[in-house]
Amino acid sequence: MRRKLMGAALALAALAGPAALAAQDGDWNSGRALELVQRAQERRQVALSDTGMVDYQADARGYIYFYLDRRDTGERTLVKTDQVALDVFWKAPNLAKQRIVGLRDERNLPTNIRYHEDHLTVVQDNFGDLIRLGDGDEVADVLHPAAASGPAAYDYRLADSTTIRLPGAGEPVRVYKVQVRPKDASRPALVGSIFVDRRGGDIVRMEFTFTPVSYVDEQLDYINVLLENGLYKGRFWLPNRQQVELRRQVPELGLPAGGMIRGTMRISNYRFNQDLPAGLFAGRRVVSVPVAEREAFAFEQGIDAELREAGLAASGELGDIRREAAELVGRRLLSGLPGTRIDLSSASGTLRYNRAEGLAVGPGLRFSPGERLSIGVRGGYATGAEHAFGEVDVWRGALPDRFGLGVYANQPRDVGVGPVISGAMNSVTALLAGYDFTDPYFATGAELRVDRPVGRGWNGALRLRGEEHRQAQLETDFSLLGGGGHFRPVRPIAEGEFYGGSLSVRRGVPAEMARGLALGVTVDGGVLASGDVRYEHWRPRLDAGWISRGTGGSELTVDASAGAAFGDVPPQGEFLLGGRGTVPGYAFRAYGGHTFAFGRAAYAADLFRPFIRGRVFAAAGWTERTPDAVPFQTATSVIPPVPPIPPLRTGSMFSIGAGVGLLFDIIRIDVARGLGDDGQWEVIVEANPSFWDFL
């Protein structure tokens, strides 16, 4: 009688809608929530003894991705893809067997990673009463919330009533979402939600992560799990889709990237009551056919089929698991990593060498007192400029949705149209041969930072800053091979107080997608008070890029940028083109003005994978200056004599070139030739641009 009354109450709440349901059930461990958990416990036992299903066989197909995940930029770099095919067997009362019949991989970067067995297989029983991952090396014996002793360890809350569409169900299935949190978050436990079928009480779906102490491996940052079942023969809830992602990182070091493993498994083609022999289930639970047979398996889809369609970006489902889990446990830190680590997010941020600073050393620390709160502190000393520098930043949230504040002193900035070299490579060329491919000045001030998604695939960024701009000087003439003779003089800027900011919206193309169009629109500007001169200016800019990837590693890219500066533009607001990073084959940043445009088209293909990748390219650029613009003047220097800076040229540039990428295209060597009267040969050695963020 009590169960009937409870069922009637739940039905009335569901008819009233999710808002009414939540209003009636705002408390943890309400009678309705505990009733649903009890029904789920009972159904887990009854399902094992249901005589309508003696055995089944199914097919499973999955992808496992290993990639580098950069939280500070949101970039992801694919390292390795595995594709797996399995035969899945089950026999009453509770015998299970899986056979790997197909397995192949593709490497994009060097790696020797090996996966645990359960990363390549299917969870057939919603984990049973104790949850283990990584064969117990990652998570060991965490209590299932629907185990008999679950209510002693977990709190439950009826959060919502909704409908979901699942294979075999015909009509949408009405389910209740029950949120789960541990009574004691300092003990191994999961945090998340279970979705319970309104009619039968079966667990239809689970999505969860774990408390930090659950992780056996000290390098684990987090694990997110999603299990979804389908309805078969009108009564059996069996595995349909499963996703697991885990992130590792060195515990003591805040490195620029963590190692992410994401697995997706889909189970289909169920065949029931085939009288499977008991001997099939003898021995190990997971077996494999011989290597040659695995590699010869005829997969229905290509190894990159899923990536080309969806990319590596976290799906909304997996991405929401940690956010919701943090709310359930009061936004405490859910990471398995220490809350305080040495910040090595950028190699050149920690150690660099250039003509304006000399050798600059700046160690940092990063604190994470909460799941969505991060505080960074970095400070150091520039030996050539003989000044200290540093920054403190505070972030709330994570890309693409976060806001923060930064306070900084003597932060190096670069005049130009964007980075043309990685920080680490610039330090190498400056130290070895006296080639510094930056035009620096220093900024001291504060900045408000907001990043938000603004539409499907689009992300916005707002920066508001108040700061003092200070002229950099040529502070060193030391290089190991060139004797300092190649160091250029430092370009002058207008010193003073600047108040302004920037607003941008961008849509990128993930590196693993087959084709796509990237777009970016930026407007920056402000007011700079330099003595008696007041510079009021603004600069709109458009960036676009098209990429198309074919078979055999071939790739066609076309990139273009254009912008203009309006108003009274200070020297540091001009656009500079020429040489590496823009139009190679010309003197570095020899062209400049208040209006610019440049583009580059490149075709690349594997010649001897993974060791050699060939590339041909062409580039063009154009600049124009307003007639009344004030020319650059040479900055002061402590290393005399300094040759004067030639006046900036305007007009058009064209160049062509070819190059090779070595060892998975990590190191690139290009040779370019400028086609104009002032064109020249240029050799460029650089790391793949996808690594520039942390170099």
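Analyst: Let's take salt bridges and then a helix. This is a predicted model, where local features need pLDDT of at least 70, side-chain atom pairs count only at pLDDT 80 or more, and totals for chains, interfaces and linings use all residues. Residues are numbered from 1 along each chain as its sequence is written, and side-chain values use heavy atoms, with hydrogens and water left out.

User: How many salt bridges does the structure hold?

Analyst: A salt bridge is a side-chain nitrogen of Lys or Arg within 4 Å of a carboxyl oxygen of Asp or Glu. The structure holds 53. In one of them, Asp82 meets Lys80 at 2.5 Å, N to O.

User: Is Asp82 buried or exposed?

Analyst: Buried means under 20% relative accessible area, exposed over 50%, and partly exposed in between (1.4 Å probe, protein chains only). Asp82 is buried at 5%, and Lys80 is buried at 3%.

User: Where do Arg323 and Asp320 sit?

Analyst: An α-helix has 3.6 residues a turn, so residues three or four places apart point the same way. Helices (H or I, at least four residues) and strands (E, at least two) are DSSP runs, numbered from the N terminus. Arg323 and Asp320 are three residues apart in helix α7 (residues 316–328), about one helical turn. Their side chains form a salt bridge at 3.8 Å, N to O.

User: Which residues of helix α9 are buried?

Analyst: In α9 (residues 423–433), they are Met425, Asn426, Ser427, Thr429, Ala430 and Ala433. After α9 comes Gly434, with a positive phi near 75 degrees.
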